[in-house]
Amino acid sequence: MGEEDRELLEKVYRRIIMSRAKETRSEKQGLKMCPNGILMLNGSNLMSSIKECAAAVIDFYADWCIPCKIMEPILNKLAQVFAGKVLFGRVDVDEDPEIAAEYGVMSIPTTILLRNGEEVYRVIGAVDYNTMKRYIEIHLGVRP
């Protein structure tokens, strides 16, 4: 192993150590990890779930909506990629129309990105995986 390889390896180890130290500090400050997977949200758990995590992606959908069905596997994959960093939730607009009205959802699918409980970006309609991933990185400031 050459000197350049050793330096590169040392840099990588430093980054790993620094990121773990940062995670430990966050846990000590009382910040919780976001839940993994996609949560089904309703009137009783929406606000508490959003407060639990600084970054959230909430998908408003209906079972009969074809574009919503297109978004489902995309959001499932993103929930895996951003596991522990971003809360992913879904709200069925047929079962909870008052939540959809509260967020001003007029068409579905609508995906709302929240930072500290406040809306920072809204996507109306279906988008591809890379586009949604980029929106999360830009608007929520979270990297996989």
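In this predicted model, a disulfide joins C34 to C53, with an S to S distance of 1.4 Å; a disulfide is here taken to be a pair of cysteine sulfur atoms within 2.5 Å. The torsion about the S-S bond of C34 and C53 is about 50°, so this disulfide is right-handed. C34 sits in the loop between α1 (3-28) and β1 (38-40), while C53 sits in the loop between α2 (46-52) and β2 (55-61), so the pair ties together parts that are 19 residues apart in sequence. Both ends are covered by protein: C34 is buried, with a relative accessible area of 6%, and C53 is likewise buried at 5%, where buried means under 20% relative accessible area, exposed over 50% and partly exposed in between, with a 1.4 Å probe and protein chains only.

A search of the whole structure finds two disulfides, and the other one is formed by C65 and C68, whose sulfur atoms are 2.5 Å apart. This link is also right-handed, with 80° about the S-S bond, and both C65 and C68 are buried. When the bonded cysteines are numbered in sequence order, the pairing reads 1-2, 3-4.

Of the contacts with a separation of 6 or more, 70% are between residues 24 or more positions apart, a contact being heavy atoms within 4.5 Å. Of the 144 residues, 35% are buried, and the accessible surface comes to about 9,000 Å², of which 53% belongs to carbon and sulfur atoms, with areas taken from the Shrake-Rupley method and a 1.4 Å probe.

As for confidence, the mean pLDDT (the predictor's confidence in each residue, from 0 to 100) is 88, and 89% of the residues reach 70 or more. Over residues 24-31, however, the pLDDT is below 50, and this stretch has one contact in the model beyond near neighbours in sequence.

Residues are numbered from 1 along each chain as its sequence is written, and side-chain values use heavy atoms, with hydrogens and water left out. Local features need pLDDT of at least 70 and side-chain atom pairs count only at pLDDT 80 or more, whereas totals for chains, interfaces and linings use all residues.

Conventions: Helix = DSSP H or I, 4+ residues; strand = E, 2+ residues; numbered from the N terminus.
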